[in-house]
Amino acid sequence: MTTFSSLNLAEPIAKAVAAEGYETPTPIQLQAIPPALEGRDILGIAQTGTGKTAAFALPILDRIARNPKPLRPKSARVLVLAPTRELAAQIAASFSAYGRNIRLSVATVFGGVPINRQIRDLARGVDVLVATPGRLIDLIDRKAVMLNAAEIAVLDEADQMLDLGFVHALRQLMPLLPRDRQTLLFSATMPRELRHLADEVLHRPAVVELAHDRPPETIAHAVHAVQEGDKFALLEALLAEADFRSAIVFTRTKHRAKRLAQQLE
Ligand code: AMP
């Protein structure tokens with residue numbers, strides 16, 4: 001079995017990975033980390049839950065650990081673009097966790113909250129900036145941050161960013177990055193519009209794609225086709241017949257999650 005040590009990550013990063021309790025790299029990590037460490041662009045087709053965050057964060061942190069640089073005001077060495085504030089916050093937390101043994105500054109910026117604190121956070125510059133595209137453009141317009149010193153750009157959940165209407169924002173942002181940057185693009189799906197964008201922003205990428213035709217053997221999968229109005233009755237019936245101690249139900253929106261929780265109560 002392939003272990004993390006075979007990936008030859010810089011020692012402080014390898015130690016943090018061990019402290020997280022990770023023993024073996026996930027398939028996406030095994031495939032993406034070696035070419036990313038070589039500086040290659042990556043096109044990763046992977047969903048959340050596959051370990052894709054570490055697949056891009058670990059090689060990036062490896063570079064920062066081996067080649068630390070002083071911060072440059074209003075600049076970021078690494079830019080990570082994500083579709084939502086939740087994901088942005090989660091990615092930033094992962095960088096901080098995996099980077100806990102090195103000197104690392106991480107900033108997270110997203111819309112829907114006051115901008116002034118974000119402007120202050122960026123003033124000294126950061127190693128890693130995790131951003132949603134709209135707010136990042138705002139910050140650039142306000143001259144709070146520049147992208148011309150970025151060495152690495154990550155587009156995470158790129159299909160979601162397109163779905164949320166960020167395509168113009170992305171087309172505006174990508175040319176502001178240096179041409180010789182490294183670019184890592186991750187997406188669960190590859191619709192045509194995204195393929196075009198990927199062609200524009202990636203240079204001879206290593207394509208990393210997981211076979212996702214088989215569910216894990218430990219999990220039974222079933223699909224039930226029902227009308228909207230029958231969903232709750234079906235869920236009740238499934239829960240009544242299942243022998244379980246706890247269950248997780250996923251919903252599409254937080255509003256639905258709240259309503260469903262009330263109904264279940
Ligand atoms: P992600 O797909 O990046 O959202 O990661 C899914 C979850 O897997 C996160 O909770 C990670 O902490 C965890 N994880 C990532 N890589 C590994 C690994 N190699 N071993 C065990 N857990 C991992």
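Because the model is predicted, local features are reported only at pLDDT of at least 70 and side-chain atom pairs only at pLDDT 80 or more, while totals for chains, interfaces and linings use all residues. Residues are numbered from 1 along each chain as its sequence is written, and side-chain values use heavy atoms, with hydrogens and water left out.

Helices (H or I, at least four residues) and strands (E, at least two) are DSSP runs, numbered from the N terminus. Strand β2 spans residues 76-81, and six of its six residues are buried, where buried means under 20% relative accessible area, exposed over 50% and partly exposed in between, with a 1.4 Å probe and protein chains only. Two strands count as paired if DSSP finds at least two bridges between them. β2 pairs in the parallel sense with strand β4 (residues 126-131) over five bridges, and A76 has V126 of β4 as its bridge partner.

The aromatic residues come next. Rings of Phe, Tyr and Trp (its six-membered ring) pair if their centres lie within 6.5 Å; planes under 30 degrees apart count as stacked, over 60 as edge-to-face and the rest as tilted. Four such pairs are found in the whole structure. In one of them, the ring centres of Y22 and Y98 are 5.9 Å apart and the planes stand at 65 degrees, so this pair is edge-to-face. Y22 lies in the loop between α1 (11-19) and α2 (27-37) and Y98 in helix α4 (residues 85-98), so that distant parts of the chain, 76 residues apart, are linked. Y22 is partly exposed at 31% relative accessible area, whereas Y98 is buried at 5%. F56 and F95 form a tilted pair, with 6.3 Å from centre to centre and 40 degrees between the planes. This pair also links distant parts of the chain, with F56 in helix α3 (residues 52-66) and F95 in helix α4, 39 residues apart. F56 is buried at a relative accessible area of 0%, and F95 is buried at 0%. Ring pairs also join F4, Y22 and Y98 into a cluster.

Helix α1 has a buried side made up of I13, A16 and V17. These residues cover an arc of only 100 degrees around the axis, which puts them on the same side of α1; the arc is that of the directions from the helix axis to the C-beta atoms. The buried residues of α1 pack against α3 and α4, contact meaning heavy atoms within 4.5 Å. The face turned away from the buried side carries the exposed residues E11, K15, A18 and A19. Just after α1, G21 takes a positive phi of about 90 degrees.

A pocket is, on a 1 Å grid over the protein atoms alone, an open set of points where a 1.4 Å probe fits, with protein on both sides within 12 Å along at least five of seven lines; lining residues have an atom within 4 Å of a point. The largest pocket is lined by 28 residues, of which L235, L238, V249, F250 and L260 lie nearest its centre. α10 (231-241) and α11 (254-264) each supply at least two residues of this lining, and α10 gives the most, with six.
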